[in-house]
Amino acid sequence: MKISARNTLPGKIVSVVRGPVSTEVTLEIAPGIQITSSITTHSADALQLKEGGQAYGVIKASSVMIGVDD
């Protein structure tokens, strides 16, 4: 994955809380350190996010997005 954002944090998905419109995804990026992002449920489904999976927290300005390898 190549991306322009410099703050890309690999982590393990520890929680996925799906709602009808938005989904909260929590990544553990280091032992005991977690970040949470709110993304659309459509995006969470398209990325096939599930607990225990690997993903990236991408921080750009005040946003945290989630990305996965293809």
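The following paragraphs lead from the overall fold of this predicted model to its one salt bridge.

The C-alpha trace spans about 30 × 25 × 25 Å along its principal axes.

Of the 70 residues, 30% count as buried. Among the contacts with a separation of 6 or more, 41% are accounted for by residues 24 or more positions apart. The chain exposes about 4700 Å², and carbon and sulfur atoms supply 52% of that area.

The charged side chains come next. The chain carries 6 positive and 6 negative side chains, with the centres of the two sets 9 Å apart. Side chains of opposite charge can pair when their charged atoms come close. With a cut-off of 4 Å between a side-chain nitrogen of Lys or Arg and a carboxyl oxygen of Asp or Glu, the count comes to one salt bridge. This salt bridge joins the side chains of Asp45 and Arg18, at 3.3 Å from N to O. Asp45 belongs to helix H1 (residues 41-46) and Arg18 to strand E1 (residues 7-18), so the pair ties together parts that are 27 residues apart in sequence. Asp45 is partly exposed, with a relative accessible area of 41%; Arg18 is likewise partly exposed, at 40%.

Methods. Residues are numbered from 1 along each chain as its sequence is written. This is a predicted model: local features need pLDDT of at least 70, side-chain atom pairs count only at pLDDT 80 or more; totals for chains, interfaces and linings use all residues. Side-chain values use heavy atoms; hydrogens and water are left out. Helices (H or I, at least four residues) and strands (E, at least two) are DSSP runs, numbered from the N terminus. Buried means under 20% relative accessible area, exposed over 50%, partly exposed in between (1.4 Å probe, protein chains only). Contact means heavy atoms within 4.5 Å. Accessible areas come from the Shrake-Rupley method with a 1.4 Å probe; for residues, only the protein chains shown count as cover. Lys and Arg count as positive and Asp and Glu as negative; His and the chain ends are not counted. The place of a charge is taken as NZ of Lys, CZ of Arg, CG of Asp or CD of Glu.
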